[in-house]
Amino acid sequence: GATDADAAVAVAHPNIALVKYWGKRDEALFLPVTGSLSMTLDIYPTTTAVRLIDEPADVVVLNGRPAVGEAYTRVARFLDLVRSRAHRTEHAMVVSTNAGPTGAGLASSASGFAALATAAAAAYRLDADDRALSRLARRGSGSASRSIFGGFVVWHAGDGDGTAGDLSSYAEPIGGEALDPALVVAVVDHASKAVSSRDAMRRTVATSPFYRPWADSSEIDLVEMQKAIARQDLPAVGEIAERNALGMHASMLAARPGIRYLSPQSIAVLDAVLALRADGVAAYATIDAGPNVTVLCARADAARVTAALRAVGDFVDPRTAHLGPGATLVPGED
Ligand code: PMV
């Protein structure tokens with residue numbers, strides 16, 4: 001039965017992919033078509049508490065409100081997976097709070113499921129090292145596999161399907177911290193997106209004639225990106241990240257029907273990034289499944305980039321992030 005000891009609190013940070021994950025080869029196991037590479041941030045943490053309870057169902061509270069519908073089901077399904085692995089049956093009370101915007105293409109699902117995997121594994125006494133936690137977090141949200149680790153992180157696509165695919169598809173840190181870039185996150189819209197990344201990916205893979213070409217080029221980007229990080233070549237890192245993200249959006253714009261996350265505000269920020277480069281500032285854009293644009297630059301250029309983004313309009317609310325830590329348990333909560 002549940003006791004007060006069966007509880008844990010974890011903190012995890014979002015990550016922004018510089019080589020994107022877009023498309024699954026196995027929907028149930030969250031196996032990606034391509035490998036991806038990200039930078040874990042030091043802003044917008046998610047804090048998640050998991051406590052085993054003596055109730056007939058899981059209780060989920062997200063940002064102070066009871067979760068309902070799809071948001072509830074995703075957490076309950078994830079807990080089912082943890083319970084089956086831990087050979088436990090108790091339900092849990094999950095209380096999760098995002099410091100940043102939720103569901104607006106700023107990787108709240110990455111920090112959310114990384115924190116949930118870490119806290120739930122501890123609460124259910126599941127014996128899991130970081131690689132196992134990464135594979136577990138992947139089952140909540142693919143990008144969450146990367147937020148288990150800090151700094152620059154690669155998520156391997158893995159080989160094969162079924163158990164072989166599951167075992168070989170995990171994230172790991174790759175070093176390269178000396179590059180020490182800044183990411184200026186240009187929040188242009190705090191609202192949740194209309195199409196989930198899961199549905200958008202599925203439709204892109206199934207219907208876009210540009211999907212396969214993007215996936216093929218992304219495999220090359222992944223190799224080039226790792227070399228660029230290793231030689232601390234910020235302009236190369238930025239160029240690869242920008243082309244990879246624009247290509248991903250091109251692939252989904254060509255889906256049937258097309259998916260467009262970019263808003264006029266996103267385009268205005270992209271224009272500001274081009275203007276910065278024309279002025280000699282090494283600034284490069286990347287965009288996830290939402291309208292917000294993230295700008296990669298040298299730490300020393302972050303203030304200049306922030307000023308340029310503010311000048312785009314009142315709708316841009318820039319925040320600066322640097323390399324951040326992996327998911328951790330909060331001590332003293334077990
Ligand atoms: O893990 P999901 O379902 O939130 O998908 C993330 C997709 C992108 O953010 C667009 C790209 C990525 O690699 O994070």
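**View 1. Ser 145 is a buried residue of the predicted model, with a relative accessible area of 0%.** Because burial here denotes a relative accessible area under 20%, Ser 145 falls within that class. Ser 145 belongs to helix H4, which covers residues 144–147. A polar atom of the Ser 145 side chain is placed 2.8 Å from the backbone oxygen of Gly 142. With residues up to four places away in sequence left aside, Ser 145 touches Ser 134, Ala 137, Arg 138, Trp 155 and Ala 171.

**View 2. The ligand lies between domain 1 and domain 2.** Domain 1 spans 7–177 and domain 2 spans 179–321. Both domains supply residues to the shell around the ligand, so the ligand is located between them. The shell comprises six nonpolar, five polar and three charged residues.

**View 3. Among the 14 residues around the ligand, Tyr 21, Ser 141, Ser 143, Arg 146 and Ser 197 come nearest.**

- Ser 141: a side-chain N or O atom is 2.9 Å from an oxygen atom of the ligand.
- Arg 146: the distance from a polar side-chain atom to an oxygen atom of the ligand is 2.7 Å.
- Ser 197: a polar side-chain atom and an oxygen atom of the ligand are 2.8 Å apart.

The ligand taken alone exposes 380 Å², of which the protein buries 92%.

Notes. Residues are numbered from 1 along each chain as its sequence is written. This is a predicted model: local features need pLDDT of at least 70, side-chain atom pairs count only at pLDDT 80 or more; totals for chains, interfaces and linings use all residues. Side-chain values use heavy atoms; hydrogens and water are left out. A residue is near a molecule or strand if one of its heavy atoms lies within 4 Å of it. A polar contact is a pair of N or O atoms within 3.5 Å; within protein, one must be able to donate a hydrogen and the other to accept it, and residues adjacent in sequence count only if both atoms are side-chain atoms. Accessible areas come from the Shrake-Rupley method with a 1.4 Å probe; for residues, only the protein chains shown count as cover. Ala, Val, Leu, Ile, Met, Phe, Trp, Tyr, Cys and Pro count as nonpolar, Asp, Glu, Lys and Arg as charged, and the others, Gly among them, as polar. Domain bounds come from an automatic or database domain assignment. Helices (H or I, at least four residues) and strands (E, at least two) are DSSP runs, numbered from the N terminus. Buried means under 20% relative accessible area, exposed over 50%, partly exposed in between (1.4 Å probe, protein chains only). Contact means heavy atoms within 4.5 Å.
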